[in-house]
Amino acid sequence: MQLAINQTESMRGTEIQGQFEKQRTPLDKETRATLPTADAAFHLNRREQTLRGWACLENGPLRPIRVHGRLAWPVSELRRILGVA
């Protein structure tokens, strides 16, 4: 039984490793006004949960816009923080 569980876990690991990472638009070429948390976290080199913490505690370097319970991170603020033209 234990062998079957280990085989299943290793198969899942292979599937996860086999997935392609999402292509991200460079911040200086981004045309959207706001980004979802995952994209903003990528550009800031932080985990998504860190950005959610900033939003909840209102203590981070930027504030998100809340749209129907979702967080939208302004591209203009991301550019300002990262010094991207």
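The model is predicted. Six of the eight residues of H2 are buried, so the helix is largely enclosed by the rest of the structure.

**The nonpolar core**

- The largest nonpolar core has 12 residues in all.
- Its members include Ala40, Ala41 and Leu44, and also Leu51, Trp54 and Ala55.

**How H2 is enclosed**

- The buried residues of H2 are Thr37, Asp39, Ala40, Ala41, His43 and Leu44.
- Among the elements that cover these buried residues are strand S1 (34-35), H3, strand S3 (70-74) and H4.
- Leaving aside neighbours within four places in sequence, Ala41 is in contact with Arg46, Arg47, Glu48 and Leu51.
- After H2 comes Asn45, which has a positive phi near 55°.

**H2 against H3**

- The axes of H2 and H3 are 8 Å apart, and the two helices pack at an angle of about 105°.
- An angle from 65 to 115 degrees counts as roughly perpendicular, so H2 is roughly perpendicular to H3.
- On the H2 side, the contact is made by Thr37, Ala38, Ala40, Ala41 and Leu44. On the H3 side, Glu48, Leu51, Arg52 and Trp54 take part.
- Six of the residues in this contact are nonpolar, one is polar and two are charged.

**Salt bridges at Asp39**

- The structure holds six salt bridges.
- Asp39 forms one of them with Lys22, with the closest N and O atoms 3.4 Å apart.
- Asp39 lies in H2 and Lys22 in the loop between helix H1 (2-18) and S1, so this pair ties together parts that are 17 residues apart in sequence.
- Asp39 also forms a salt bridge with Arg32, where the closest N and O atoms are 3.2 Å apart.
- Asp39 is buried, at 4% relative accessible area, whereas Arg32 is partly exposed, at 38%.

- Arg52 and Glu48 form a salt bridge, their closest N and O atoms being 2.9 Å apart.
- These two residues are separated by about one helical turn, because they are four residues apart in H3.
- Both are partly exposed: Arg52 has a relative accessible area of 36%, and Glu48 has 32%.
- Elsewhere, salt bridges that share partners join Lys22, Arg24, Glu30, Arg32 and Asp39 into one network.

Notes: Residues numbered from 1 in each chain as written. Predicted model: local features only at pLDDT ≥ 70, side-chain atom pairs only at ≥ 80, totals over all residues. Heavy atoms only, no water. Core = buried A, V, L, I, M, F, W, Y, C linked by side-chain atoms within 4.5 Å. Buried < 20%, exposed > 50% of the residue type's maximum accessible area, 1.4 Å probe, protein only. Contact = heavy atoms within 4.5 Å. Axes fitted to C-alpha atoms, helices over the stretch in contact; angles between N-to-C directions. Parallel < 35°, antiparallel > 145°, perpendicular 65-115°, else oblique. Nonpolar A, V, L, I, M, F, W, Y, C, P; charged D, E, K, R; others polar. Salt bridge = Lys/Arg side-chain N within 4 Å of Asp/Glu carboxyl O.
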